[in-house]
Amino acid sequence: MDTIASLFSFITTPVSWVIVQFHTVYGKIFGPDTGWAWGLSIVSLVILIRICLIPLFVKQIKSTRAMQTLQPEMKKIQERYKNDKQRQSEEMMKLYKETGTNPLSSCLPILAQSPFFFALYHVLNGIATGSTIGVINDSLLASARKAHIFGAPLAAKFTDGSSKVEALGASLTDVRVVTAVMIVLMSASQFYTQRQLMTKNVDTTVKTPFMQQQKMLMYVFPVMFAVFGINFPVGVLVYWLTTNVWTMGQQMYVIRNNPTPGSKAQAAYLERLTKHVTSHGKARKRSERTIIKAIVAKGRDRNEFERKFINGLNKAGLAAQADGSVVQSESQAAVQTEDGTSTSAAAPKRQQPKRQSKSQRQSGSAAVSGGKAAGDAPSSEPTSLSKSDEPEDAKPAEPAKKQPGGGTRSKAQSGQRKGPQRPKSPSKK
């Protein structure tokens, strides 16, 4: 314990100072010697630390997604150099360097919290042993030893004996019950956080060893928390339970608003986004425009959920633009299709012939018949598309013209080839 204290002495004084400042505020509300004042001071310490670690959490998300994207390439390298571990490691490092990814980035929030965790553990252990530490003087030490959370002293552990617990002014049963409940809640929150990540925010189209590792950690971490939790003071259990709940809520927010491409969470998000955009006719939030911009930029590389989103906008008369905005596309101009291409204009509609009146049809038929009777050349004006009112068998037959070769040929009918044709035998009357 002295070794740990010496290693984290540089952070012990700041941690104790922050706890004392929060205790001063909450002590005026709940009383300086109450468990609420000291417990809420520890909770506030966790919230402050996690707010400061938000940039690292964002970097962790990006690193995790980058690692998921690289899984197919990593699997190929493992299969290609499965008999040469050194070459396999070299190719892995080369791949990380080319893509700018770091496998350790996903562990940054946990590593960054470790100094604060051990410093708090050392402070609470000093309270349990009755020794001052950091800015906690004798009066604050006496106040902290009187503080109980649901009947359990702040510095008591699950493994403490009855004599040590009685020295802190509590019963062994209260300490065991409170610490057991907190350990169960701590492990359950860790399990739910990891399970939520595996079932909702993982690309289901890619099956890689990375997913198997994450699935294994889903069961390993809760067991580790349960085993080590029996040696944690109540104050440290409050710290770790609070940080687990914060992580769970933070991850739920990220999964809902910025899901991993190809995951079930993305399908649910794009379904909500389609309804929101079609109801308002545009993307109103900056985060929505960022998602739409990324989907449009993928082109032919879109997954099933992204293609469904683009098609849903097109059916609603909307078009997603390259800058992430959504515009009306009633003329179908620059409509983004599911394969990444765009159409500059809609295809022209086929024009139907204008319907003529009965008098126009009769006059047109009479003009055509008169031209044929006079032996005139065919008229250049277009004929009517409608049929003549006079039956075809009532029209007089035209005399056949004699050909130079002595044969006869009738006037070229519609659809026949012009020019000399073979003479036809005269019909028998």
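I began with the record: UniProt, in an unreviewed entry, places the feature "transmembrane region" at residues 7-24, 36-58 and 217-241. UniProt positions are given in the numbering used here, with feature names shortened, and annotations may be inferred rather than shown by experiment. I noted that this is a predicted model, in which local features need pLDDT of at least 70, side-chain atom pairs count only at pLDDT 80 or more, and totals for chains, interfaces and linings use all residues. Residues are numbered from 1 along each chain as its sequence is written, and side-chain values use heavy atoms, with hydrogens and water left out.

**Two of the annotated spans**

I looked up residues 36-58 and found 96% helix and 0% strand, with the end C-alpha atoms 32 Å apart. For residues 217-241 I found 84% helix and 0% strand, with 18 Å between the end C-alpha atoms. Helices (H or I, at least four residues) and strands (E, at least two) are DSSP runs, numbered from the N terminus.

**Helices α10 and α11**

I then went through the aromatic rings and noted 4 aromatic pairs in the structure. Phe 225 belongs to helix α10 (residues 209-229) and Trp 240 to helix α11 (residues 234-257), so the pair ties together parts that are 15 residues apart in sequence. For the rule, rings of Phe, Tyr and Trp (its six-membered ring) pair if their centres lie within 6.5 Å; planes under 30 degrees apart count as stacked, over 60 as edge-to-face and the rest as tilted.

Phe 225 is buried at 13% relative accessible area, and Trp 240 is buried at 16%. The classes are buried under 20% relative accessible area, exposed over 50% and partly exposed in between (1.4 Å probe, protein chains only). Ring pairs join Phe 225, Tyr 239 and Trp 240 in a cluster.

I also found a nonpolar surface patch of about 530 Å², made by Met 216, Val 220, Val 223, Met 224, Val 227 and Phe 228. Patches take residues with over 30% relative accessible area and no salt bridge, joining like charges within 9 Å and nonpolar side chains (Val, Leu, Ile, Met, Phe, Trp, Tyr) within 5 Å. The areas come from the Shrake-Rupley method with a 1.4 Å probe, and for residues only the protein chains shown count as cover. Val 223 lies in helix α10 and is exposed at 51%.

**Salt bridges**

I counted 3 salt bridges, each a side-chain nitrogen of Lys or Arg within 4 Å of a carboxyl oxygen of Asp or Glu.

- Glu 91 bridges to Arg 87, with the closest N and O atoms 3.0 Å apart. The two residues are 4 residues apart in helix α5 (residues 85-99), about one helical turn. Glu 91 is buried at 18%, while Arg 87 is partly exposed at 35%.
- Lys 164 meets Asp 160 at 3.9 Å, N to O. Lys 164 is partly exposed at 34%; Asp 160 is buried at 6%.
- Lys 298 bridges to Glu 306, with the closest N and O atoms 2.7 Å apart. Lys 298 is partly exposed at 29%, whereas Glu 306 is buried at 2%.

Phe 150 is in the loop between β1 (148-149) and β2 (152-153) and is exposed at 70%.

Last, I looked up Phe 158: the charged end of Arg 176 sits over its ring, 5.1 Å from the centre. The rule asks for NZ of Lys or CZ of Arg within 6 Å of the ring centre and within 35 degrees of the ring normal.
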